[in-house]
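Visitor: I would like to learn how to read a model like this one. Please take me through it feature by feature.

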Amino acid sequence: MNEAGDRYQILALSGGGFRGLFTAEYLKRCEEAHSQRIYQRFDLIVGTSIGALLAAGFALGRPAADLCEAMVAHGPRIFARSPMTFPKRLFKGAPYDTKILEEAIDAVLTPDGANMRLNEIDQPLMIAAVNYTQGSSTIFKSRGVAQSRASDVRVKDAVLASAAAPTYFPLRKLATDQYADGGLIANAPDLLAITETIAARRAPLESIYLLSIGTAARRKGAALHERPLSPSILSWFFVRGLVQTIMAAQEDLAIRTAAQLLGDRHLRIDEEPAQNQVAAIAGLDYANNRSIGTLISLASQAFERTGRERRLRDFF
């Protein structure tokens with residue numbers, strides 16, 4: 001945990017499916033460059049979807065290099081795409097098996113870590129999800145954040161709830177309620193982290209410094225049209241990517257609002273892929289040698305561009 005009394009340091013990790021390899025690879029380079037571990041440098045770690053898995057790993061003391069290796073090893077198995085993947089999403093239901101994802105989480109966090117309850121974890125950790133049953137937001141919190149009000153759920157279940165991306169994975173049922181991807185409300189959990197910190201009086205606004213890491217996504221837009229578009233339900237969801245557009249737009253709003261609140265104390269790290277790289281990582285579920293190489297290359301570019309910045313070095 002950060003020991004500088006004048007800085008309350010937050011690490012916010014965005015959602016983005018397998019593109020989270022970019023996040024893990026970038027933070028691996030930070031740990032190597034500064035001979036520091038992530039959990040030693042941040043007063044709060046918060047994540048959404050794949051960012052939730054990485055955040056949990058860091059909170060449990062796992063080095064970024066181990067998280068990178070686990071993603072490369074397990075990602076292609078989790079997202080085993082086939083010619084039937086899209087038809088399954090369209091007509092049947094979520095095409096990917098939660099059991100395989102659970103096995104990967106056990107491997108990433110170790111079974112002991114994955115099965116720990118959040119109210120047993122002293123490292124400050126927050127994970128965003130959506131309670132689909134109640135139509136509300138849910139923020140799972142460790143003992144290090146919420147003390148006696150910490151969430152009485154396993155780390156594994158909180159991560160699976162946060163990562164239950166619509167049309168990719170089944171909802172996660174915990175007790176009586178069903179949970180969906182936290183990216184629907186906070187794909188970039190920056191603003192969530194700031195407001196929760198202030199509300200809990202853990203730190204005043206002027207002492208908050210936030211490092212936000214994206215997932216190398218290219219923002220989707222629409223070509224100009226002379227007349228208003230009128231897409232059908234199928235077109236909205238499977239051609240025009242309504243869910244991805246909503247997530248990208250609210251992510252953009254959260255990042256811009258957080259930057260307005262913190263000014264130079266907010267540092268967002270991301271790397272937009274070049275045109276010839278887009279196809280390799282266009283989907284949340286693209287996990288193959290091509291996407292792995294592209295994401296690692298983008299993380300390298302991002303670190304070369306930002307690694308010597310004073311604002312980044314000050315976090316470590």
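Visitor: What should I know about the source?

Guide: The model is predicted: local features need pLDDT of at least 70, side-chain atom pairs count only at pLDDT 80 or more, and totals for chains, interfaces and linings use all residues. Residues are numbered from 1 along each chain as its sequence is written, and side-chain values use heavy atoms, with hydrogens and water left out.

Visitor: Which strands does strand 2 join, and how do they run?

Guide: Strand 1 (residues 8-13) is joined to strand 2 by 4 bridges, and the two run parallel. Strand 2 is also joined to strand 3 (residues 125-131) by 4 bridges, again parallel. There, Thr-48 stands opposite Ala-128 of strand 3.

Visitor: How do I read the faces of a strand?

Guide: In a regular strand the side chains alternate between the two faces of the sheet. Now take strand 2 (residues 44-48), where 5 of 5 residues are buried. Buried means under 20% relative accessible area, exposed over 50%, partly exposed in between (1.4 Å probe, protein chains only). On one side sit Leu-44, Val-46 and Thr-48; on the other, Ile-45 and Gly-47. Both faces are covered.

Visitor: Is Thr-23 buried or exposed?

Guide: Thr-23 is buried, because its relative accessibility is 1%. Thr-23 lies in helix 1 (residues 20-34). Contact means heavy atoms within 4.5 Å. Leaving aside neighbours within four places in sequence, Thr-23 is in contact with Leu-13, Leu-54, Ile-213, Gly-214 and Thr-215.

Visitor: Where is Gln-277, and what does it touch?

Guide: Gln-277 is in helix 14 (residues 275-278). Its relative accessible area is 15%, so it counts as buried. Not counting residues up to four places away in sequence, Gln-277 touches Thr-294, Ser-297, Leu-298 and Gln-301.

Visitor: How many helices and strands does the protein chain have?

Guide: The protein chain has 16 helices and 8 strands. Its radius of gyration is 19 Å, close to the 20 Å that the globule rule gives for 316 residues, so it is as compact as a globular protein of that length. That radius is taken over C-alpha atoms, and the rule is 2.2 Å times the number of residues to the power 0.38. Along the principal axes, the C-alpha atoms fill a box of roughly 55 × 45 × 40 Å.

Visitor: What do burial and contacts say for the protein chain as a whole?

Guide: Of its 316 residues, 53% count as buried. Among contacts between residues at least 6 apart in sequence, 75% join residues at least 24 apart.

How values were computed. Two strands pair if DSSP finds at least two bridges between them.
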